[in-house]
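The following briefing concerns a single protein chain.

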Amino acid sequence: MTILAILGPRSRPGDVALFQKQFPELKLLPTPDPTAVKENLATADLALVFGGDGTLHRHLAPLVESQVKLLLVPSGSGNDFAMVNGIRNVADSLQLST
């Protein structure tokens with residue numbers, strides 16, 4: 001399984017490390033541009049987005065186009081989309097990833 005981690009500007013190394021323990025094959029894209037995201041999603045089975053509404057919005061077009069499964073790991077300033085979907089914190093995301 002290929003798992004892609006898209007890191008937003010507020011993503012925390014400790015949060016990413018929790019997922020790296022669970023998914024050793026995790027491929028990190030720190031502060032990616034949309035072209036890199038699109039290229040890497042072509043071979044991904046799952047995308048983890050470490051960020052908030054802005055990070056999700058920035059990469060929404062290639063995420064939708066690829067139809068790759070998505071899990072948001074809330075680490076933005078508002079995290080409204082995550083909250084509306086019952087993901088209140090990193091622990092919730094970790095639980096959903098199992």
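Two strands are taken to pair if DSSP finds at least two bridges between them. Helices (H or I, at least four residues) and strands (E, at least two) are DSSP runs, numbered from the N terminus. The model is predicted, so local features need pLDDT of at least 70 and side-chain atom pairs count only at pLDDT 80 or more, whereas totals for chains, interfaces and linings use all residues. Residues are numbered from 1 along each chain as its sequence is written, and side-chain values use heavy atoms, with hydrogens and water left out.

- Four strands make up an open sheet with parallel pairing, in the order 2-1-3-4.
- The edges are formed by strand 2 and strand 4 (69-74), each of which pairs on one side only.
- From one strand to the next, the twist averages 20°; axes are lines fitted to C-alpha atoms, for helices over the stretch in contact, and angles run from 0 to 180 degrees between N-to-C directions.
- Strand 1 (residues 3-7) is joined to strand 2 (residues 27-30) by four bridges in the parallel sense.
- Between strand 1 and strand 2 the chain passes through helix 1 (residues 13-22), and this β-α-β crossover is right-handed; that is, with the strands pointing away from the viewer, the path from the first strand over the helix to the second runs clockwise.
- Within strand 2, Lys27 stands opposite Leu4, and Leu29 stands opposite Ile6.

- Leaving aside residues up to four places away in sequence, Leu41 touches Leu4, Ala47, Pro62, Leu63, Ser66 and Val68.

**Salt bridges**

- The structure contains three salt bridges, each defined by a side-chain nitrogen of Lys or Arg within 4 Å of a carboxyl oxygen of Asp or Glu.
- Arg12 pairs with Asp15 at 2.9 Å, N to O; Arg12 is partly exposed at 39% relative accessibility, while Asp15 is buried at 12%. Here buried means under 20% relative accessible area, exposed over 50%, and partly exposed in between (1.4 Å probe, protein chains only).
- Lys38 and Glu65 form a salt bridge whose closest N and O atoms are 3.3 Å apart. This pair links distant parts of the chain, with Lys38 in helix 2 (residues 34-41) and Glu65 in helix 4 (residues 60-66), 27 residues apart.
- Glu65 is exposed, with a relative accessible area of 56%, and Lys38 is partly exposed, at 46%.
- Arg88 and Asp92 meet at 3.5 Å, N to O; Arg88 is exposed at 56% relative accessibility, whereas Asp92 is buried at 11%.

**Individual residues**

- Leu46 belongs to strand 3 and is buried, at 14% relative accessibility.
- The C-alpha atoms of Leu46 and Leu4 are 6.3 Å apart, although 42 residues separate the two in sequence.
- Beyond four places in sequence, Leu46 touches Thr2, Ile3, Leu4, Val68, Lys69, Leu70 and Leu71.
- His59, in the loop between helix 3 (53-58) and helix 4, counts as buried at 2% relative accessibility.
- Residues touched by His59, not counting those up to four places away in sequence, are Ile6, Pro32, Asp33, Pro34 and Val37.
- Gln67 is not a glycine, yet has a positive phi of about 60°; Gln67 sits in the loop between helix 4 and strand 4 and is exposed, with a relative accessible area of 70%.
- Asn79 likewise has a positive phi, near 60°, in a residue other than glycine; Asn79 lies in the loop between strand 4 and helix 5 (80-84) and is buried, with a relative accessible area of 13%.

Technical notes
Contact means heavy atoms within 4.5 Å.
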